[in-house]
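Dear colleague,

I am handing over the structure that I have been working through, and below it you will find an account of what turned up. Please read the account with the structure open beside you.

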Amino acid sequence: MTDTWDQFSRRLALVYALVALVVLVLYLAFDFQRSWSRSVSNLREQAGAALSWAERGMDAASEAMSSAATAGSRACVAGAVEPRVLSHMLNVPLDRVTIATGGRVLCEWTAPQSTLTACSTGQQAAMAISRTQDDVTATARIYPACMLAPFALSVDGVGLGLREKRERRAAGEPDALLTLTSARWPVQLDVSAPPYWLLRRWMADLPLQIGFFALVGLAIYFGPLAALRRRLSIEGQVRTALKRGEFFLTYLPTIEVNTGHWLGVEALMRWRHSRHGLLQPAAFIPWIERSPLIHDTTSWVLRQAASDLARMNELHHELYVGINLPPNQLSDERVVDAALDAFGNDQLCLCRVMFELTERETTDYASPEVQRVVARLRERGAQFALDDFGIGFSNLASLALLEIDFIKVDKSFIQELERRGTDPNIVDSIVHVAREFGVGIIAEGIETERQLDRIRRIGIRMAQGFLFFRPMEVEATLDQLRLQTQ
């Protein structure tokens, strides 16, 4: 199941990464379109202000020429244009002002060479504004495009060009991004931009956009998605299973080999998963033993085993129950409280309980914490057995440090015993050591009559295995106990 969850977790992370990538691409495309629209709208607003400014300059020139044409010869002073006429056009780039009548020039003003700008050197098109009154014509030659200089400087990388409507675009000149037409004057304003100018502007903000998106993505990954992953993880599923009652216990009897009488039962945890069906213990027990949920599951096993044992003792008063206990829990005082809460708080409330230590990892049995927990459990009558003796981390020091009551010989040695026949074998050595330490022996995995006969000859009097019974749920166990009593 752990492999299944690892695969699911990797797939979920991959799907999330792909979805995040698609969302990022869509977001960037949307942001680019939004940036484009915002930039074009901003350009249109600035171009409109520039065109309005140019229109006001041309309006000022038109009003000045109307006044000059109405004044006629009075607009000239000593052969020159009256300064008051020019004062109305201080902000208008002028090249020349002429006042004439009947084809004869009354006066003329020409901009000094020192005041001429690039606008009057042919780089910008000039525009003539003329007004006639009573045969007097006043004409101003202006460069309206020069009035756009302040606006052109305010827009980075974008050029503004003002031209008369009848003018054609020069060869090689880039197409205008925007074109605004004056409603009062025969001019149009072209807004041009260099290639990829908007892309460069947008990419300048791209790190900020990606940073923001990454922040949101991480918040989702470690927020709601993490909660979903925890719920779907093994830990989350174990919590759900405890709440829904998907766990149950089966019981494997321990038999007295000479009489066939039951001595006790070993409680084995099983999981009837809502999706995967009945799970094998190897799929989840090792993970639970290393997880923070080990105390919760052990507490549940103790409570359920205590309830079932009470029903069994109504039929068999001397029956004990074996509870598998990871050695790392021997340093946790909470296991004592959980055992007393399940079996009661009487002086010998645990006298029908055998804690079977599953040696999948090394444990320091000499530590004060372990010794204190073991002592408290023994005070209430509990016994201890080393499970799968000979293949885990069990050793002779464990027998002495914990004052073990029983050792359970692993079924692999029992199978080897059958193959070797009467030859010397490991089981003979284990039996010899157990007798030296005064420890009882339980043979595991008895499946054939020949194996049963061999352990009888060696002197083992307690056994478990499919030859006798398979693990049974509590109701089936009670049925077998009724047959035993009959």
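If its neighbours within four places in sequence are left aside, Glu55 is in contact with Ser182, Ala183, Arg184 and Trp185, contact meaning heavy atoms within 4.5 Å.

Before going further, please keep in mind that this is a predicted model, in which local features need pLDDT of at least 70 and side-chain atom pairs count only at pLDDT 80 or more, while totals for chains, interfaces and linings use all residues. Residues are numbered from 1 along each chain as its sequence is written, and side-chain values use heavy atoms, with hydrogens and water left out.

As for the whole, the protein chain has 16 helices and 19 strands, and 45% of its 486 residues count as buried. Among the contacts in the protein chain with a separation of 6 or more, 67% are accounted for by residues 24 or more positions apart. The protein chain exposes about 25,800 Å², of which carbon and sulfur atoms supply 54%; accessible areas come from the Shrake-Rupley method with a 1.4 Å probe, and for residues only the protein chains shown count as cover.

Helix H1 (residues 2-71) also holds Val23, which counts as partly exposed because its relative accessibility is 40%. Together with Val15 and Val19, Val23 forms a nonpolar patch on the surface, and the three have about 230 Å² of accessible area together. Patches are made of residues with over 30% relative accessible area and no salt bridge, like charges being joined within 9 Å and nonpolar side chains (Val, Leu, Ile, Met, Phe, Trp, Tyr) within 5 Å; a salt bridge is a side-chain nitrogen of Lys or Arg within 4 Å of a carboxyl oxygen of Asp or Glu.

Next come the cysteines. A disulfide is a covalent bond between the sulfur atoms of two cysteines, and here the rule for finding one is a pair of cysteine sulfur atoms within 2.5 Å. By this rule the count comes to 1 disulfide, which joins Cys76 to Cys107 with an S to S distance of 1.8 Å. Because Cys76 lies in strand S1 (residues 76-77) and Cys107 in strand S4 (residues 104-110), the pair ties together parts that are 31 residues apart in sequence. The torsion about the S-S bond of Cys76 and Cys107 is about -65°, so the disulfide is left-handed, and both Cys76 and Cys107 are buried.

Cys349 counts as buried because its relative accessibility is 12%, whereas Cys351, at 39%, counts as partly exposed.

Thr101 is found in strand S3 (residues 94-101) and, at 18% relative accessibility, counts as buried. The backbone oxygen of Asp135 lies 2.8 Å from a polar atom of the side chain of Thr101, and, not counting residues up to four places away in sequence, Thr101 touches Leu106, Asp135 and Val136.

Thr132, by contrast, is exposed, with a relative accessible area of 53%, and lies in strand S5 (residues 127-133). Leaving aside its neighbours within four places in sequence, Thr132 is in contact with Ala69 and Thr137. The side chains of Thr132 and Thr137 are joined by a polar contact of 2.9 Å, a polar contact being a pair of N or O atoms within 3.5 Å, where within protein one must be able to donate a hydrogen and the other to accept it, and residues adjacent in sequence count only if both atoms are side-chain atoms.

Last, helix H10 (residues 334-343) is mostly covered, since 7 of its 10 residues are buried. The buried residues of H10 pack against helix H9 (294-313), strand S13 (320-325), strand S14 (353-357) and helix H11 (368-379). After H10 comes Gly344, whose phi is positive, near 100°.

With best wishes

Terms used. Helix = DSSP H or I, 4+ residues; strand = E, 2+ residues; numbered from the N terminus. Buried < 20%, exposed > 50% of the residue type's maximum accessible area, 1.4 Å probe, protein only.
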